[in-house]
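Try each task before you read its solution.

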Amino acid sequence: MMDSQTAELIEKDRNHVWHHLSQHSVLKSQDPMIMVKGEGSRIWDAKGNSYLDASSGGVWCVNVGYGRTEIADAVREQIVKLNFFASTAGNQPSAEFAEKLLEKMPGMSRVYYASSGSEANEKAFKIVRQISQQKYGGKKNKILYRERDYHGTTIATLSATGQEERRLHYGPFVPGFVEFPHCCEYRSQFGEVKDYGILAAKELEKVILREGPDTVGAVVFETITAGGGVITPPEGYWPAVMDICKKYNVLVHMDEVVCGMGRTGKWFGYQHYGIKPDIVTLAKGVASSYAAISCVVTTEALFDEFLADGSDREAYFRDVSTYAGCTAGPAAALANLAILEREGLVTNSAVMGDYLFEQLQVLQQKHAIIGDVRGKGLLLGLELVSDRESKTPVAEAVAIKVAAMCMQKGLIIGRTNRSFKYLNNTLCLCPVLTINHQEADFIIETLDSVFSEITV
C-alpha cells in the first residue's frame with residue numbers, strides 16, 4: 001500500500017498535469033506513472049519500483065546516465081555567476097563549448113544555439129529560406145525530407161516529417177516541404193535487389209528532377225532514422241546521396257538530434273558514412289537533458305552567406321531564440337562532454353552496441369516474431385512480424401504489450417509510437433552510454449522471457 005504522500009502526489013498529477021502522447025481517459029482507472037529518482041542507468045517511480053532504463057529517458061536523451069552531480073554542480077556554479085543574457089551577446093560557457101564541440105566535427109565551424117531539437121531544425125530551415133531569398137531570388141526554397149524520418153513537433157518541422165500519424169490533425173502544413181522515399185532495405189520498394197542503396201538514393205534524384213533542381217535548396221535527413229523504425233542506411237546509399245546533392249547544388253542538413261554525442265559509437269552518426277554536411281542539428285545528448293540546449297552547426301561557407309556591410313538591414317541571420325541566452329545549457333554541455341571523454345563512453349557505445357546487436361541476433365534465431373535487427377552503437381531496433389516470410393508487421397497492440405511486459409519485469413524500452421498507420425511495430429533500445437555487460441544481459445534476458453510468453 002502506498003503512503004499518503006505518494007497518493008497525494010499522484011492525485012495532484014492526475015488532476016492538473018497534461019501528459020505528452022497520452023490518452024488521459026485511462027488515468028481515471030489507473031494511476032499515472034511518476035518518476036522520482038534516477039541513478040546511473042536505473043530510474044525509480046513514486047511507488048518505489050525500479051527499472052533499468054533502456055530508453056535513455058524515454059526519448060533517447062540521457063546519454064551519460066542519471067545522477068551526475070558534476071553536471072548539476074557546473075550548472076549551479078554558472079547560473080549563480082550569470083544565468084542569462086540575450087544571445088546577441090556571448091557568454092563564457094557558450095564560447096568554450098562551441099570550441100570543444102567543433103573539435104569533434106572537422107569541416108564544421110559555427111555553432112548557433114537554441115533550446116530544443118525542433119527549434120534547431122526550424123533555425124536550419126530558416127537559414128535555407130533566407131539564402132534562397134538573398135542568393136536565388138526566392139526560388140531555391142524547397143526543402144526535401146525523407147519518408148519515415150522525424151524532425152520535430154512544430155508545424156514547420158512536422159511539415160518535414162515523414163510519419164503520417166505524427167502529422168495527423170495538424171495540417172495544413174507549410175508549403176515548400178517535399179517528401180522522397182525511405183531507404184529501409186527490409187521494406188524494399190524494389191523487391192530483392194543487390195544495389196538497394198543506389199536505387200534508394202536515385203529516388204531522391206527523381207524527386208529533385210521532378211520539382212526542378214533550381215527550386216530545391218536543401219535536403220534534411222536523420223542519419224539513422226530513429227523513431228521511424230531505427231533504419232540504418234544501406235550500403236552505397238550515402239555516397240550516392242552526396243553525389244546527387246553536389247550535382248544539383250543542394251545543401252545537406254543532417255539531423256543528429258538522436259544520433260549525436262556518441263549514441264552510434266562515433267561522436268556523430270554521419271561520421272560513420274563519410275558525409276560532409278552543410279548543416280548539422282543537435283539536441284538531446286548535447287547535455288544529456290540536464291539542461292535545455294540545442295545547436296545548429298554549419299560550415300564557414302554557409303556562415304559567410306550572411307556576411308555583408310554593417311549597414312545592410314537584411315543580410316544577417318535575423319532569427320532569435322530567447323532561451324539560447326541561458327548559460328545553464330552550455331555549462332551542462334561542457335560537463336557532459338568532459339564525462340563522455342573521460343569515461344570513454346563513445347567507445348563504450350560502439351563496443352556494447354556490437355555486443356547487444358549480436359545478442360539480439362541470437363534472439364532473432366530463437367523467436368520468429370523478430371523479423372529484423374537493425375542499428376548502430378547503442379541505437380538498436382527490433383522489427384516485429386507475425387510472419388517472417390511475408391514480413392507482415394505485428395499489430396501495434398502487440399508492440400505495446402511487449403513494452404508493457406518488459407516494464408513489469410523492470411525494463412523500460414521504446415517503440416515506434418503512433419507514427420504510422422501500419423508500421424508501429426519496431427521496438428527501440430537506446431540505453432545510457434555507460435551500460436555494462438551485466439545490464440546488457442538483463443536487457444536480453446528480459447526480452448527473451450517476454451518473447452517466450454507472448455503470443456501474436
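Buried means under 20% relative accessible area, exposed over 50%, and partly exposed in between, with a 1.4 Å probe and protein chains only. This is a predicted model, in which local features need pLDDT of at least 70 and side-chain atom pairs count only at pLDDT 80 or more, while totals for chains, interfaces and linings use all residues. Residues are numbered from 1 along each chain as its sequence is written, and side-chain values use heavy atoms, leaving out hydrogens and water.

**Exercise 1. Describe the overall build of the protein chain.**

Begin with burial: 53% of the 456 residues count as buried. Next, tally the secondary structure, which comes to 14 helices and 16 strands (DSSP runs of H or I with at least four residues for helices, and of E with at least two for strands, numbered from the N terminus). The radius of gyration is 22 Å, close to the 23 Å that the globule rule gives for 456 residues, so the chain is as compact as a globular protein of that length. Here the radius is taken over C-alpha atoms, and the rule is 2.2 Å times the number of residues to the power 0.38. Finally, the C-alpha atoms fill a box of roughly 70 × 60 × 45 Å along the principal axes.

**Exercise 2. Work out what lines the largest cavity.**

Start with the search, which finds 1 cavity of 30 Å³ or more in the whole structure. A cavity is a set of points on a 1 Å grid over the protein atoms alone where a 1.4 Å probe fits but cannot get out, and lining residues have an atom within 4 Å of a point. About 40 Å³ of space lies in the largest cavity, a volume being the space filled by probe spheres set on the points, which are joined across faces, edges and corners. Its lining includes S94, Y113, A114, Y323 and P330. Both β4 (110-114) and α11 (328-342) supply at least two residues of that lining.

Key:
On a 1 Å grid over the protein atoms alone, a cavity is a set of points where a 1.4 Å probe fits but cannot get out, and a pocket is an open set with protein on both sides within 12 Å along at least five of seven lines; lining residues have an atom within 4 Å of a point.
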